Amino acid sequence: MTIAKKSVVWGLFAAGGTIAAFIFPALIALFLLIALGRVPEGLQFESIHQFATNGLGKIILFVVISLSLWHAAHRLRVVFHDFGVRQDKVVANAVYLVAVIGTVMTAFYLYTI
Amino acid sequence: MSRQPYVRPVSKTTWYMRNGRYKKYMLREVTCLLVAVYSLLAVSGLASLAGGAAQWNAFLASQQNPFMVGFHAAALIFFLVYMTFDWFKLAPKAMPVQLGEKKLEDRFIVIGHYAAWIVVTLVIFWFAGVI
């Protein structure tokens, strides 16, 4: 791989990790509130739908979800290796495929909202 | 070199159990499963949102059960300790800040990350209507 390509891959991975580290605790806390049946105002259909209809909202959702998917895929590949699975090509294809499908689905749903 | 070098047998699947540092490394590593779970949960939530109010409310209802309460609570603590706080701890090593001849002290970079994280969390909570 050329240095330029590597830096893009690394950059996206690091960006995804930063996003996950900063945003996911709040995201998990929101899911916890939902699970407790205390759905906050901003997650009621009207508000969240308005957020996802807004251009900036769409960009935020797309960047957060797609970079997190990419970050998770990249690290899952390493985790498989660490747990003794040495079929790296198969693992890499599988995890990156899921990340790509998730990204395409995210783009599609945001487009249709 | 001897003709029959001794190769210490190391388990491919349980190698990290021998050493506390390796165990911690693995605990950090597996947090990516949570990143994957919550990203995919977000995608499925987005799918319901695109399907309209009824589907979105069905998605919210499907998330309301004691198992998910336990899962989210455990995930939140595990994620904070082994992903977020560990990420901040390594930040000065990954992104050292050069100030002329000197380097910015590590602790300032770490404190900056915590401060930014608190602001980001408050902004999300404010947008979500939690606070």
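Mentor: Two packed helices are described by the angle between their axes and the distance between the axes. In this predicted model, the axes of helix H4 (residues 66-94) of chain B and helix H5 (residues 106-128) of chain B come within 8 Å, and they cross at roughly 145°.

Trainee: In which hand does H4(B) pass H5(B)?

Mentor: The crossing of H4(B) past H5(B) is right-handed.

Trainee: Which residues of H4(B) and H5(B) meet?

Mentor: H4(B) brings B:Thr84, B:Phe88, B:Lys89, B:Ala91 and B:Pro92, while H5(B) brings B:Asp106, B:Ile109, B:Val110, B:His113, B:Tyr114 and B:Trp117. Sorted by class, this contact has 7 nonpolar, 2 polar and 2 charged residues.

Trainee: How many residues does each chain give to the contact between chain A and chain B?

Mentor: Chain A gives 47 residues and chain B gives 45 residues. On the side of chain A that touches chain B, helix H1 (3-35), helix H2 (45-53), helix H3 (55-82) and helix H4 (88-112) of chain A each supply at least two residues, and H1(A) gives the most, with 17 residues. By class, that side of chain A has 34 nonpolar, 10 polar and 3 charged residues.

Trainee: And what pLDDT does chain B average?

Mentor: Where pLDDT is low, the predicted coordinates should not be read in detail. Chain B averages a pLDDT of 94, with 98% of the residues scoring at least 70, and the model as a whole has an ipTM of 0.94 and a pTM of 0.92.

How values were computed
Residues are numbered from 1 along each chain as its sequence is written. Chains are lettered from A and ligands numbered from 1 in the order in which they are written. This is a predicted model: local features need pLDDT of at least 70, side-chain atom pairs count only at pLDDT 80 or more; totals for chains, interfaces and linings use all residues. pLDDT is the predictor's confidence in each residue, from 0 to 100. Two residues are in contact if their C-beta atoms, placed from the backbone, lie within 7 Å. Helices (H or I, at least four residues) and strands (E, at least two) are DSSP runs, numbered from the N terminus. Ala, Val, Leu, Ile, Met, Phe, Trp, Tyr, Cys and Pro count as nonpolar, Asp, Glu, Lys and Arg as charged, and the others, Gly among them, as polar. Axes are lines fitted to C-alpha atoms, for helices over the stretch in contact, and angles run from 0 to 180 degrees between N-to-C directions. A crossing is left-handed if the near helix is turned anticlockwise from the far one by less than a right angle, and right-handed if clockwise.
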